[in-house]
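Open the model in your viewer and keep the selection tool at hand. The tour goes one stop at a time.

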Amino acid sequence: MLDGVPGGVAAFEVAARFCYGQQIDIGEGDVAGIRCVAEYLEMSDAAICSGVGPNLIEKCESILEEGLAAPQGRIRRCVRILRSCEKLLPDAEDLGIVSRCIELIASEACRLYDQSPLLCDQEPDHEEDNTMSKPALTQARLNDATYGT
């Protein structure tokens with residue numbers, strides 16, 4: 001039905017509701033998908049849809065920036081957004097969503113554990129690493145960002 005549309009039917013439906021001026025709710029779990037579908041549909045002009053306020057791309061970027069900037073629960077939000085990006089590759093990567101999340105998680109982890117050089121100064125022990133359930137590429141990039149290897 002909507003094969004090839006990033007974010008699938010749910011993200012497309014939000015984009016359509018936005019175009020008709022309806023109230024839309026965008027959360028951490030769906031902001032990446034909606035951002036990808038907005039790019040796919042070239043929704044960079046507010047006049048095309050609702051005609052008022054920011055366009056859908058700007059709205060998603062604002063939500064991403066606010067979510068990634070708020071200090072309380074930042075890593076949790078980033079991980080939630082990053083997990084939602086797994087099914088949006090390569091679109092989420094091309095839009096920089098994956099990189100922003102990985103960089104922020106690594107930076108926040110080093111900041112939180114600044115007094116413990118164990119986290120940021122040593123290579124991870126993959127045998128004891130409990131995050132290996134994430135896709136290997138994402139995990140490797142997160143390790144590189146955190147440990148600077």
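This is a predicted model: local features need pLDDT of at least 70, side-chain atom pairs count only at pLDDT 80 or more; totals for chains, interfaces and linings use all residues.

**Stop 1: the whole chain.** Colour by secondary structure. The protein chain has 8 helices and 0 strands. From the N terminus on, the order reads α-α-α-α-α-α-α-α. Now colour by burial. Of the 149 residues in the chain, 39% are buried. Among contacts with a separation of 6 or more, 60% join residues 24 or more positions apart.

**Stop 2: α1 against α2.** Select residues 8-19 for helix α1 and residues 31-40 for helix α2. At what angle do their axes cross? The crossing is at roughly 65 degrees, and the axes come within 9 Å. α1 and α2 are therefore roughly perpendicular to each other. Their crossing is right-handed.

Show side chains at this contact. From α1, pick A11, F12, V14 and A15. From α2, pick G33, I34 and V37. By class, this contact of α1 with α2 has 6 nonpolar residues, 1 polar residue and no charged ones. While you look along the helices, recall that an α-helix has 3.6 residues a turn, so residues three or four places apart point the same way.

**Stop 3: α2 and its cover.** Stay on α2. Is this helix mostly covered or mostly open? Mostly covered: 8 of its 10 residues are buried. Select V31, A32, G33, I34, R35, C36, V37 and A38 to see the buried ones. Then bring back the surroundings. The cover over these buried residues includes α1, α3, α4, α5 (91-94) and α6. Step off the end of the helix to E42. Just after α2, E42 takes a positive phi of about 55 degrees.

**Stop 4: the nonpolar core.** Which residues of the largest nonpolar core touch the most other members? Select I26, I34, L56, I81, C85, A92 and I97, out of 32 residues in that core. α1, α2, α3 (56-69), α4 (74-85) and α6 (97-112) each supply at least two of its residues.

**Stop 5: A92.** Centre the view on A92. What does A92 contact, leaving aside neighbours within four places in sequence? Select C36, C85, I97 and V98. C85 and I97 are, like A92, among the core residues that touch the most other members.

How values were computed
Residues are numbered from 1 along each chain as its sequence is written. Side-chain values use heavy atoms; hydrogens and water are left out. Axes are lines fitted to C-alpha atoms, for helices over the stretch in contact, and angles run from 0 to 180 degrees between N-to-C directions. Helices (H or I, at least four residues) and strands (E, at least two) are DSSP runs, numbered from the N terminus. Angles under 35 degrees count as roughly parallel, over 145 as roughly antiparallel, 65 to 115 as roughly perpendicular and the rest as oblique. A crossing is left-handed if the near helix is turned anticlockwise from the far one by less than a right angle, and right-handed if clockwise. Contact means heavy atoms within 4.5 Å. Ala, Val, Leu, Ile, Met, Phe, Trp, Tyr, Cys and Pro count as nonpolar, Asp, Glu, Lys and Arg as charged, and the others, Gly among them, as polar. A nonpolar core is a set of buried Ala, Val, Leu, Ile, Met, Phe, Trp, Tyr and Cys residues joined through side-chain atoms within 4.5 Å. Buried means under 20% relative accessible area, exposed over 50%, partly exposed in between (1.4 Å probe, protein chains only).
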